[in-house]
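Me: I would like to learn how to read charged pairs and domain contacts in a model of this kind. Could you take me through them one at a time?

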Amino acid sequence: MRTHRVDVLVVGGGAAGMAAAASAAREGAKTLLVEEGSRLGGVLDQCIHPGFGLHRYREELTGPEFAHRLREDLRGADVWTGQSLLEVEPGRPRARTVGAAGLVEIAAKAVVWAAGARERPLGALRVPGTRPAGIFVAGLAQRLVNIHGLLPGRRALVVGSGDIGLIMARRLHLEGVEVTGVVEIRPYPGGLLRNVVQCLDDFGIPLLLSHTVVEVHGRGRLSGVTLAEVDGSGIPRPETGRFVEVDTLIISVGLVPEVEGIPFAPRDPATGGLAASTRLQTPVPWLFAAGNCLAPFDLVDTVATLGERAGTAAARYARRGLSPAPTVALGRGPGVAVLVPSFLVPGEEVTLYLRASLPLAQARVTVGPDGFGRVVRGVRPAEMIEVRLSPEETKALARSRNVTVEVTTLR
Amino acid sequence: MARKHKTKANGVAGASIVVVGAGVVGSLVARELTRYEGEVRIVEREPDVGWGVTKANSAIVHAGFHERPGTCSARFCVEGNAVFADVCRDLEVPFGRTGAYVLALAEGERAVLEELRGRGEELGVPGLALLDGGEVRKRLPDVNPEVVAALWAPSVGITEPWALAVAAAENAVANGAILHVGEEVTGLTVHGGRVRAVRTDQATYDVDAVVNAAGLAADRIAALAGITVPGLTPRRGEYLLLVDVPPSLREAVLFPVPTAHSKGILVVPTVDGGLLLGPTAADLPPTQREATETTVEGLAFALNGARRLVPDLPVGKVVKVFAGLRPEPADGDFWLGETDIRGFYQAAGMRSPGLTAAPAIARWLAGEIAADLGLAPRPSFSPLRLALPRAADLPPAEWNALIARDPRYGRIVCRCNRVTEGEIAAAIGRGARTVDGVKFRTRAGFGRCQGGTCTDRILALLARETGRDPEEVPVQGPGSALVVGRVR
Ligand SMILES: Cc1cc2nc3c(=O)[nH]c(=O)nc-3n(C[C@H](O)[C@H](O)[C@H](O)COP(=O)(O)OP(=O)(O)OC[C@H]3O[C@@H](n4cnc5c(N)ncnc54)[C@H](O)[C@@H]3O)c2cc1C
Ligand SMILES: Cc1cc2nc3c(=O)[nH]c(=O)nc-3n(C[C@H](O)[C@H](O)[C@H](O)COP(=O)(O)OP(=O)(O)OC[C@H]3O[C@@H](n4cnc5c(N)ncnc54)[C@H](O)[C@@H]3O)c2cc1C
């Protein structure tokens with residue numbers, strides 16, 4: 001097998017990987033980006049709607065436009081598309097990849113994992129019934145429509161009101177598919193309010209909160225589903241069941257970080273994503289992480305920022321310029337569903353990204369035993385909360401072994 | 001067992017035989033028949049091989065100790081188990097001899113283990129051993145700590161049933177058989193107590209013999225021949241499938257002690273790194289031959305039953321739920337061999353352990369038919385079949401050589417199971433015409449994302465390689481198109 005030597009290997013050519021590779025190359029590291037697909041962009045490539053880049057470029061771009069900007073910055077890095085990473089060795093930064101030119105072993109000094117996330121399939125919800133054609137995870141439907149120009153069906157129901165579900169409801173409606181509604185098991189929408197307005201309300205697509213699919217019908221092709229209301233703990237109430245005739249079910253019920261090529265890397269138990277420090281360094285010192293493989297992010301701008309930070313840190317590590325630092329573990333306390341990163345380096349500035357478990361009108365985010373706090377208004381699980389801590393604040397946390405982050409309601 | 005007619009047909013040179021149904025049983029029977037001179041047709045109504053009962057079951061190669069001595073099930077289960085590894089080797093089908101434990105979770109269940117062991121030994125099941133609770137906990141750290149004893153059965157194995165059906169059908173075709181998929185047997189012509197012809201929705205074939213291997217429709221095929229059979233009850237078995245489970249959970253097949261009705265809810269490793277929990281055993285009305293839907297109650301029952309064996313199952317790794325239907329014969333045993341209608345043979349009533357028994361039944365039945373028709377062995381027969389290359393499982397040098405010959409073997413389409421474009425194209429070359437056909441033959445779309453990442457590419461490959469528009473590519477049978485048209 002051919003061996004190829006680099007300083008930094010970046011796995012995945014989505015927003016996170018492109019940003020990481022660009023910044024690693026800017027730091028002077030010999031950088032290689034491998035991407036399985038035939039082109040760069042990751043999920044951006046299929047997101048033809050606007051809504052990207054407001055923070056980073058102060059412009060509203062489409063996904064492919066945003067990807068294009070990141071690609072422009074990539075000049076200093078080598079890019080191999082159509083190349084899949086198979087596995088990384090547990091003990092050292094060596095990886096096996098494959099592509100149309102054969103297997104290549106990459107001997108690197110640092111690795112940035114940026115393989116994104118996959119969508120949870122319907123089966124994971126254990127919904128009973130038949131298994132006909134016509135059931136698609138939202139991203140697959142999005143690729144069929146936006147990349148292949150193919151129509152998945154004629155009458156659809158969307159399960160899950162996260163941003164992806166909402167955007168697909170509108171997309172299908174605009175393509176002439178009759179979208180009968182978006183069902184959401186929780187009593188509040190999973191996506192941004194602006195997406196509820198712009199994707200559903202503007203087109204008269206109903207949003208059914210506290211509802212779920214309890215049975216799938218049809219042989220060959222989907223003929224319909226049974227919907228039911230759920231009680232306060234999310235358990236369907238069978239007496240509320242009703243049949244909805246659809247030939248297409250779009251499933252958008254969450255993203256699962258793609259981390260299977262590095263089974264040895266510690267994961268966050270809540271999200272299954274990689275556990276990393278504020279430097280985006282994992283407990284495996286030569287392994288860095290960026291993007292949706294940490295936890296699913298709402299904004300590509302955040303993903304790109306973290307990618308850059310991971311790339312810079314990896315490049316410094318590769319030239320032995322990243323001095324080892326003690327870390328303090330961050331724990332999820334009450335009210336917190338998702339928290340990135342998992343460790344912080346005392347004395348370094350940090351931004352915490354967290355997702356609250358419940359919507360709250362006014363909440364307090366408390367960090368650590370001494371309770372650095374921030375007051376946040378309009379907390380919604382759909383929107384990540386960013387909490388910046390100054391070097392002085394993180395330094396003060398140095399003595400604690402575990403620092404817990406909490407979100408509590410303020411009245 | 002078989003009602004045998006002693007008189008033989010007078011050495012029909014180039015006898016014509018139709019096998020009805022290309023499940024694991026029909027495909028293996030057809031393959032065995034190609035050991036002899038004659039023309040063998042396999043007629044299957046589904047668009048591909050192995051989509052009936054063969055598609056949804058526990059995939060266990062049973063040892064035989066669950067079966068009542070003196071039955072066909074017992075005899076052919078033990079014989080089938082003994083030859084299974086060889087058949088899988090010849091046909092390049094996955095097989096793993098994991099062994100199995102039957103777990104006694106209460107003192108009262110010990111006696112059942114004794115009984116199973118006694119039965120197994122009577123049947124000649126090799127290597128059975130009773131283990132005490134401490135030993136079981138040592139071997140299987142994840143099992144229910146209340147386990148008091150277990151029966152260890154080292155000859156139990158696991159396989160990929162549809163892969164075996166596909167492999168056997170391919171081997172049969174390589175040996176001269178003709179495979180008709182998407183063609184339904186609609187009638188049989190019987191004359192003077194002998195079957196003369198098979199009518200399908202597309203043609204009529206004159207025959208010297210017919211093999212009824214029609215799975216859940218076997219009683220209907222028997223009725224077409226004018227014979228009465230004891231009746232089939234569809235007995236539904238529901239499952240949950242987990243992927244990427246830790247190896248400690250995949251050591252061996254785990255059984256509870258059986259009930260009079262079924263072998264109970266099992267925990268079964270799959271050959272590709274997954275874990276099956278199930279099956280339930282619910283008898284349905286005889287008309288419900290396609291009722292492979294899952295139910296709330298069934299899935300809960302399966303999950304709870306599995307948790308009795310292994311309390312801490314990683315339920316977050318469930319990616320799929322499904323159900324299969326057992327063709328449960330009213331008399332409780334397989335229907336095998338020639339019937340009152342001369343030339344009309346059965347390999348039917350294939351309840352569990354029909355998969356295990358299939359290779360042995362096939363060998364025996366083909367021998368019977370050959371003897372009855374006076375068929376000579378065909379010297380050119382080859383039992384060997386090459387599987388599709390599974391590129392990612394090859395040693396690096398071989399994978400590179402494959403890529404050098406055809407670069408498509410370097411392009412991963414299904415990331416979860418590492419299936420390359422080369423494999424998908426090869427599967428299409430061997431007859432896959434549908435998304436599920438590709439999936440069952442290559443495992444593309446069978447992994448942790450369940451096809452969410454690769455189905456569009458598989459669709460594009462199917463359309464391109466078979467010269468169809470994407471709208472014309474079905475997922476399963478007719479009327480199951482994946483996409484319905486173009487965007488405006
Ligand atoms: C439908 C949808 C709508 C969105 N809308 C918005 C929006 O309006 N505004 C906004 O700001 N954000 C939006 N986002 C969020 C944002 O786009 C994503 O969070 C971000 O693009 C994720 O980037 P990533 O690089 O982490 O992952 P991905 O884009 O998923 O990239 C991962 C890449 O890794 C590759 N890869 C994986 N495994 C391997 C391997 N083994 N070998 C080689 N390559 C591999 C994959 O092929 C993929 O290209 C949206 C996301 C989705 C899905
Ligand atoms: C839940 C469950 C669990 C099981 N577990 C095990 C196990 O662990 N181990 C084991 O050994 N066995 C097991 N079995 C039993 C085993 O799966 C079956 O015995 C075996 O698969 C039967 O294969 P077959 O070829 O007879 O049937 P099938 O696979 O159903 O094949 C029959 C074929 O005939 C076709 N057909 C029907 N009518 C017509 C017609 N008119 N014209 C043309 N074609 C027709 C059908 O389409 C079908 O493809 C299990 C079964 C079930 C349901």
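Me: Is E471(B) buried, partly exposed or exposed?

Reply: Buried means under 20% relative accessible area and exposed over 50%, with partly exposed in between (1.4 Å probe, protein chains only). E471(B), at 24% relative accessibility, therefore counts as partly exposed, and R486(B), with a relative accessible area of 46%, is partly exposed as well. This is a predicted model, in which local features need pLDDT of at least 70 and side-chain atom pairs count only at pLDDT 80 or more, whereas totals for chains, interfaces and linings use all residues. Residues are numbered from 1 along each chain as its sequence is written, chains are lettered from A and ligands numbered from 1 in the order in which they are written, and side-chain values use heavy atoms, with hydrogens and water left out.

Me: With which residue does R486(B) form a salt bridge?

Reply: Side chains of opposite charge can pair when their charged atoms come close. A salt bridge is a side-chain nitrogen of Lys or Arg within 4 Å of a carboxyl oxygen of Asp or Glu. R486(B) forms one with E471(B), the closest N and O atoms being 3.1 Å apart.

Me: Which residue of chain A forms a salt bridge with R448(B)?

Reply: The partner is E260(A), with the closest N and O atoms 3.4 Å apart. R448(B) lies in a loop of chain B and E260(A) in a loop of chain A, so the pair joins two chains. R448(B) counts as buried, at 9% relative accessibility, while E260(A), at 27%, counts as partly exposed. Both residues belong to a network of salt bridges that also links E36(A), R118(A), E258(A) and R415(B).

Me: How many salt bridges are counted between domain 1 of chain A and domain 3 of chain A?

Reply: Domain bounds come from an automatic or database domain assignment, which here gives domain 1 of chain A as 1-119 + 254-324 and domain 3 as 327-411. The count between these two domains is 2 salt bridges. R355(A) and D298(A) meet through their side chains in a salt bridge (2.7 Å, N to O), and the side chains of R279(A) and E348(A) likewise form a salt bridge at 2.7 Å, N to O.

Me: What area is buried between domain 1 of chain A and domain 3 of chain A?

Reply: Buried area is the accessible area (1.4 Å probe) that two parts lose on being put together, summed over both. For this pair of domains the value is about 1,400 Å², of which carbon and sulfur atoms give 57%. On the side of domain 1, T278(A), R279(A) and D298(A) lose the most area to domain 3, together 33% of what that side buries.

Conventions: Helices (H or I, at least four residues) and strands (E, at least two) are DSSP runs, numbered from the N terminus.
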